[in-house]
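We will walk through it stop by stop, selecting as we go.

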Amino acid sequence: GRVNSGRFSEIKLGDWIKFVANENPALFVYCKVTERNIYPNFRSMLEREGVERCLPNVKTIEQAEALYLSFPGYRDRVAKYGAVAFRIEKDKNQVI
């Protein structure tokens with residue numbers, strides 16, 4: 001999930017997103033957006049989407065919400081713009 005502002009508010013169904021490895025920009029994967037859901041806040045998003053899907057290494061909604069809100073500016077921005085969650089599928093033709 002992300003704050004539903006800036007470039008994240010412009011992503012729509014069918015768009016392709018390129019994910020690049022920080023440690024090696026030559027490693028990347030393309031994923032297609034198959035679902036896009038808007039929520040008033042991160043808690044609503046986590047309740048509906050599930051903590052495991054959003055943050056696989058986090059155990060509880062409270063921990064997950066705290067993590068999202070720990071990013072600079074996220075608390076104010078999510079209150080203003082809401083949260084967005086994307087479902088994605090890896091390009092089946094791409095070998096990584």
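How many helices and strands does the protein chain have? Colour by secondary structure and count along: there are five helices and four strands. Keep in mind that this is a predicted model.

**The whole chain**

Trace the cartoon along the sequence and you will follow the pattern β-α-β-β-α-α-α-α-β. Along its principal axes, the C-alpha trace spans about 35 × 25 × 25 Å. Of contacts between residues at least 6 apart in sequence, 59% join residues at least 24 apart.

Of the 96 residues, 32% count as buried. If you colour by charge, you will find 16 positive and 12 negative side chains, with the centres of the two sets 3 Å apart.

**The largest nonpolar core**

Hide the surface and select F42, M45, L46 and Y68. What sets these four apart in the largest nonpolar core? Among its 16 residues, they touch the most other members. To see where the core draws its residues from, show α2 (42-49), α3 (51-54), α4 (61-69), α5 (74-81) and β4 (83-90), the elements that each give two or more residues to it. As a general rule, nonpolar side chains in soluble globular proteins tend to be buried together.

Next, centre on L46. Leaving out neighbours within four places in sequence, which residues is L46 in contact with? Select V51, C54, I61, A64, E65 and Y68 to show them.

**Stepping across to E65**

One of the contacts of L46 is E65, a residue of helix α4. Display its side chain together with that of R43: the two make a polar contact at 3.1 Å. Beyond residues up to four places away in sequence, E65 touches R43 and L46.

**Last stop: E49**

Go back to helix α2 and select E49. Is E49 buried or exposed? E49 counts as buried because its relative accessibility is 7%, under the 20% cut-off.

Show the side chains around E49 and look for two polar contacts. The E49 side chain pairs with the side chain of N37 at 3.0 Å, and with the side chain of R87 at 2.8 Å.

Key. Residues numbered from 1 in each chain as written. Predicted model: local features only at pLDDT ≥ 70, side-chain atom pairs only at ≥ 80, totals over all residues. Heavy atoms only, no water. Core = buried A, V, L, I, M, F, W, Y, C linked by side-chain atoms within 4.5 Å. Buried < 20%, exposed > 50% of the residue type's maximum accessible area, 1.4 Å probe, protein only. Contact = heavy atoms within 4.5 Å. Lys, Arg positive; Asp, Glu negative; His and termini not counted. Charge placed at Lys NZ, Arg CZ, Asp CG, Glu CD. Polar contact = N/O pair within 3.5 Å; in protein donor to acceptor, adjacent residues only side chain to side chain.
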